[in-house]
Amino acid sequence: LFLALLVFIYATQSLEGYARRFVELFSSEQQDIAWQYLREIHQNMESFLRGQVIVIGVISLISIVVYSIIGVPFALVVGLLAGLSNAIPTFGPFIGGIFAFLSLLMGFATGNFTLVGFLLRAVAVLVAIIGIQTLDNALISPKIMSSVVDVDPLMIMFGVLAGAALFGFWGVILAIPALVVIKSILNVRQKLAR
């Protein structure tokens, strides 16, 4: 996480220089148009990242509440990890669920509950993982992401499914950012056509 943060800081500081060098590849009359495209993509990607943070927050809150009700030890930490893991499409909620199961195992090992209590909580955690995943995929992510990037929720779901079918795991991860870039390009083309 620290290394990713460090890379992110350096990348954002040098991004403007890269963008300027990219725009200089175009003729002087086309440079203004290139800047319009880059600005639109930048604004929409910023909105996309803001939406991701909101989704992570909502899923973290839901996970904390559900895991607290189930009786998972360290529900606050486990819920936060589940929310962060949710940023990974498709597999994220299950990675977050692994943290919940590990926490349950630690609780069982320390004698916080009996074998029957452990098994009941394990089944409840599995149901919670599937329920949170379904709620996120069907309602939370499409609704939030469509409002922040101004793309129809059905288009986002279709984009993720098409990305998964065409490119597998990477298609799932890059589907919404690709839709954001395409939307940005179409917006600028519409503005230039006027």
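Start with the second largest pocket, which has a volume of about 200 Å³. Select Gly163, Gly171, Leu174, Ala175 and Ala178, the closest to its centre of the 14 residues that line this pocket. By class, its lining has 11 nonpolar, three polar and no charged residues. (Ala, Val, Leu, Ile, Met, Phe, Trp, Tyr, Cys and Pro count as nonpolar, Asp, Glu, Lys and Arg as charged, and the others, Gly among them, as polar.) A pocket is an open set of points on a 1 Å grid over the protein atoms alone, with protein on both sides within 12 Å along at least five of seven lines; a cavity is a set where a 1.4 Å probe fits but cannot get out, and lining residues have an atom within 4 Å of a point. Grid points are joined across faces, edges and corners, and a volume is the space filled by probe spheres set on them.

A note on what you are viewing: this is a predicted model, in which local features need pLDDT of at least 70 and side-chain atom pairs count only at pLDDT 80 or more, while totals for chains, interfaces and linings use all residues. Residues are numbered from 1 along each chain as its sequence is written, and side-chain values use heavy atoms, with hydrogens and water left out.

Next, go to the cavity. The structure holds one cavity of 30 Å³ or more, and about 60 Å³ of space lies in the largest cavity. Select its lining: Ile59, Ser63, Tyr67, Ala82, Asn86, Pro93, Gly96, Gly97, Ala128, Ile129 and Ile132. Helices H2 (31–70), H4 (92–109) and H5 (115–149) each supply at least two of the lining residues; helices are DSSP runs (H or I, at least four residues), numbered from the N terminus. Seven of the lining residues are nonpolar, four polar and none charged.

Stay on Ser63, in helix H2. Serine 63 is buried, with a relative accessible area of 1% (buried means under 20%, with a 1.4 Å probe and protein chains only). Not counting residues up to four places away in sequence, serine 63 touches Gly79, Ala82 and Ile132, where contact means heavy atoms within 4.5 Å.

Last, select Val149, in helix H5. Valine 149 is also buried, at 2% relative accessible area. Beyond four places away in sequence, valine 149 touches Asn44, Ser47, Phe48, Ile156, Val180 and Lys183.

Note on methods. Buried means under 20% relative accessible area, exposed over 50%, partly exposed in between (1.4 Å probe, protein chains only).
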